[in-house]
Amino acid sequence: MGRLAQRPDHPALPILTSNTCPTILWQSLHAKKHSQLSKLSKDDDKQYIADMMGRKHVQKILKDLLKQRTTAPQKKYGDFLDVVLDELQSGRALLDENFLVDTVAGFIFAGVALTPTTLTAGMKFLTDSPNVVEALSEEHDTILKNRDETQPTITWEEFKTMKFTDQVINEILRLSSNGPGIIRQALKDVQYNGYTIPAGWVVMISPMSVHLNPDIFEDPLTFNPWRWQEENANSLMKHFMPFGDGKRHCMGANFTKFQIAMFLHTLVTKYRWKEIKRGETFRIADLAFPQDYHIKLLPRS
Ligand code: HEM
């Protein structure tokens, strides 16, 4: 994980330096969703402290689990903690226990918070765009039609044919922009567009503001997966950063896209759905559902 420095204007709030796991950032940013970072209320402080205690709690659970497993190393569970334990006991571990435990906590957080939030946004966009559901269903019905009956589960080859699904996923990620900010620290004075970013300053790039730039994404608030068709995709990709960019690009990006594709495959081939209640959204640094979003799944007729 990255180094944490203290913010001069708010000693309780660490600044995240360039190589910081974004999940820590999420924990703190999500706590502050309704306020600006620089104007924290007492409630925000309490929420922030509660979040940090929650994080410590998860770390403790993971450390206890590791300890338990160390006492019976011959028993294997076939999960990622086994890999972590093997690494720690290998005698050539590059990472220490604290780092690894924090990473696993980060994976858990990303898996239970970011992907489901993206899927919630996706459900909302799809509900409002029956033409997209139709095109998506066509793609997945074709996969089912061509499926070898001896191979009942989805295959890698089938996944690779999901061209429209990939466009839908990009569009969901563009509009939901679940990563509220990408953090970098200027290591030296940086000149950008006539401005100087002084060395040591922390810069937060907002993917949402890039994803909603009308000079790049025509009619940016419209959910339009067709904008990602092959002929446009390359130029749009340069401005697409749901998973960040550069050296710290999200490690779970491909896994997440795969997971969403599997979700969409099951959704459109087996179900239809209707809205039950809520689903209002608002945008700050990301797309938020202040009162959740409830749908009812119905078997596809
Ligand atoms: C919709 C889901 C997700 C979104 C929107 C997302 C977004 C991001 C963003 C914006 C970054 C920061 C990149 C940067 O600083 O340039 C990041 C980093 C990271 N993400 Fe994700 N992520 C998601 C899911 C996941 C999942 C499921 C995992 C793990 C299972 C994961 C693991 C990581 C890790 C380990 C990093 C740190 C990489 C590094 O610093 O080298 N993410 N993610």
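Where is Asn193 found? Asn193 sits in the loop between strand 4 (190-192) and strand 5 (195-197), with helices and strands taken as DSSP runs (H or I of at least four residues for helices, E of at least two for strands) and numbered from the N terminus. Before going on, bear in mind that this is a predicted model, where local features need pLDDT of at least 70, side-chain atom pairs count only at pLDDT 80 or more, and totals for chains, interfaces and linings use all residues. Residues are numbered from 1 along each chain as its sequence is written.

Asn193 has a positive phi of about 55 degrees, although it is not a glycine. Asn193 is exposed, with 4 other C-beta atoms within 10 Å. Here, exposed is 12 or fewer such atoms, buried is 20 or more, and partly exposed is in between, with C-beta atoms placed from the backbone. Asp219 also has a positive phi, of about 50 degrees, and is not a glycine. Asp219 lies in the loop between helix 8 (207-211) and helix 9 (230-237), and is exposed, with 9 other C-beta atoms within 10 Å.

Now for the inside. A nonpolar core is a set of buried Ala, Val, Leu, Ile, Met, Phe, Trp, Tyr and Cys residues joined through C-beta atoms within 7 Å. The largest one has 16 residues, and Val168, Ile172 and Leu264 touch the most other members. Helix 4 (97-127), helix 5 (130-146), helix 7 (163-176) and helix 10 (253-270) each supply at least two residues of this core, and helix 7 gives the largest share, 5 residues. Apart from it lies another core, of 9 residues, including Leu62 and Phe109.

Look next at how helix 4 and helix 7 meet. Their axes (lines fitted to C-alpha atoms over the stretch in contact, with angles from 0 to 180 degrees between N-to-C directions) come within 9 Å and cross at roughly 110 degrees. The two helices are therefore roughly perpendicular, the word for angles of 65 to 115 degrees; under 35 is roughly parallel, over 145 roughly antiparallel, and the rest oblique. Thr118, Ala121, Gly122 and Phe125 in helix 4 meet Ile172, Leu173, Leu175 and Ser176 in helix 7, a contact being C-beta atoms, placed from the backbone, within 7 Å.

Finally, the ligand. Helix 4 gives the most to the shell around the ligand, with 7 residues, and helix 10 supplies at least two.

Notes
Two residues are in contact if their C-beta atoms, placed from the backbone, lie within 7 Å.
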